[in-house]
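The sequence and structure come first.

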Amino acid sequence: MLDGIDFEPVFFAPFVSSVMTVDAGWADHNGHLHAAFYSLLFDRAVDEAVFLVGLGPHLVESRSASFVTMEAHQRFRRELRAGQEVRATLRLINYDDKRMHLFQELHHAREGWIASTYEQIAQHVEAGTRRVVPFPDEVLERLALMKAAHGALPVPEGLGRPVNMPIRLS
């Protein structure tokens, strides 16, 4: 049994987060969701998903370990406004003994369109030293189950897309 949960998780493909509401205080001067808060919504979805594999606040307390984002690429596809409800989908693309490669899409909860995508690499670290360390065996077992479920999905559009702007000489 994993610390923090007392059930055997089922991994849906993709993982779908709880409904989240865009807070009015998160709007920028244009009335749109400020870029930083897209990341907050994605982070909340990651917290829900990785709890099922045994990662989360209980890991920091019981094992003095956590995970941190080491690299990320976010794309903004359509604006969000205060009061709109969203859900994030999350897919485990790959993992090894110390890292996870995740891909998320932020969807309007009722209409389904994609507002943003977020691809990230997260590493497992000791809480005090911030040294990269292997995941516990039970977490690796759950990651394997999640990867098996998510691996059956088609490759998401935009996966591995580089940040690039062609140079134009004038």
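## Secondary structure

The protein, shown here as a predicted model, contains three helices and six strands. Read from the N terminus, the order of elements is β-β-α-α-β-β-β-β-α.

## Overall dimensions

The C-alpha trace spans about 50 × 40 × 35 Å along its principal axes.

Among contacts with a separation of 6 or more, 72% are between residues 24 or more positions apart.

## Surface and charge

Of the 170 residues, 41% are buried.

There are 17 positive and 22 negative side chains. The centres of these two sets lie 7 Å apart.

In soluble globular proteins, nonpolar side chains tend to be buried together. In this model, the largest nonpolar core has 18 residues, of which Val-50, Val-53, Leu-55, Phe-67, Met-100 and Leu-143 touch the most other members. At least two residues of this core come from each of helix 1 (35-51), strand 4 (85-95), strand 5 (99-108) and helix 3 (137-151).

Which residues does Leu-55 touch, not counting residues up to four places away in sequence? They are Val-50, Phe-67, Met-100, His-124, Phe-135 and Val-139. A second, separate core has 15 residues, including Met-20, Trp-26, Ala-115 and Tyr-118.

Definitions and conventions
Residues numbered from 1 in each chain as written. Predicted model: local features only at pLDDT ≥ 70, side-chain atom pairs only at ≥ 80, totals over all residues. Heavy atoms only, no water. Helix = DSSP H or I, 4+ residues; strand = E, 2+ residues; numbered from the N terminus. Buried < 20%, exposed > 50% of the residue type's maximum accessible area, 1.4 Å probe, protein only. Contact = heavy atoms within 4.5 Å. Lys, Arg positive; Asp, Glu negative; His and termini not counted. Charge placed at Lys NZ, Arg CZ, Asp CG, Glu CD. Core = buried A, V, L, I, M, F, W, Y, C linked by side-chain atoms within 4.5 Å.
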